[in-house]
Amino acid sequence: MLGTVNRLLLAVSGAVLLAAGAVLLTGSWPLHGRQAPLLTAATRHRYWHADGWEWWAVLAGLAVVVLLALWWLLSQLRRPRLPAVVVDTGDGAFAVLRGRALEEAVAAEAGALDGVAGCRVVLRGRRGSPALRVALELEPHAVPVDTLAAVAGPVLTHARASAGLADLPTEARLSVTSHRAQRVT
């Protein structure tokens, strides 16, 4: 969702800046030519001393824009990966497992499966309840059902056992590598 919001904000801001630049460069409406001032003395006096609800509406709109910009900025700074997982050692103490280590172990094990050309793994969620996102790039001859069953079976069972987790929700995304067509002569 964040990628869609980023593209939408970029498109809207680009369109607004393009329109503003075209208006300023041409000096056309509402500027009344290049030699005319932007606001006449009468206009400045009329709007500077206005006591209507319009200014409050403008300020409220600007406040909403500022809050949305702050939300967008904070969402950009948020870390999408989980840095560590808490593992119960069984003796009343806890150990911390690095998230990258678990990601690399699952990626190595899933990447070694038959028909898998590449694998990327991201650990998300909270320290007590992590979740995996696995992106598998399949070779053209691979059977997706078999590959998915192999990942859901031994690979995730091994990951849950090694991390001491009862449950490890996983989202798998499958894609096929591009390949050249074989010519028959």
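E171 is partly exposed in this predicted model, with a relative accessible area of 32%, where buried denotes a relative accessible area under 20%, exposed one over 50%, and partly exposed a value in between, as computed with a 1.4 Å probe on protein chains only. Because the model is predicted, local features need a pLDDT of at least 70 and side-chain atom pairs count only at pLDDT 80 or more, whereas totals for chains, interfaces and linings use all residues. Residues are numbered from 1 along each chain as its sequence is written, and side-chain values use heavy atoms, with hydrogens and water left out.

The side chain of E171 meets that of R133 in a salt bridge with an N to O distance of 3.6 Å, a salt bridge being a side-chain nitrogen of Lys or Arg within 4 Å of a carboxyl oxygen of Asp or Glu. This pair links distant parts of the chain, since E171 lies in strand β5 (residues 170-176) and R133 in strand β4 (residues 130-138), 38 residues apart; helices (H or I, at least four residues) and strands (E, at least two) are DSSP runs, numbered from the N terminus. R133 counts as partly exposed at 28% relative accessibility. E171 also forms a salt bridge with R173, at 2.8 Å from N to O, and R173 is likewise classed as partly exposed, with a relative accessibility of 47%.

Elsewhere in the chain, E103 and R81 meet through their side chains in a salt bridge of 2.6 Å, N to O. This pair, too, links distant parts of the chain, with E103 in helix α4 (residues 99-111) and R81 in the loop between α3 (54-77) and β1 (84-88), 22 residues apart. E103 is buried, with a relative accessible area of 5%, whereas R81 is partly exposed at 31%. By the stated rule, the count comes to three salt bridges.
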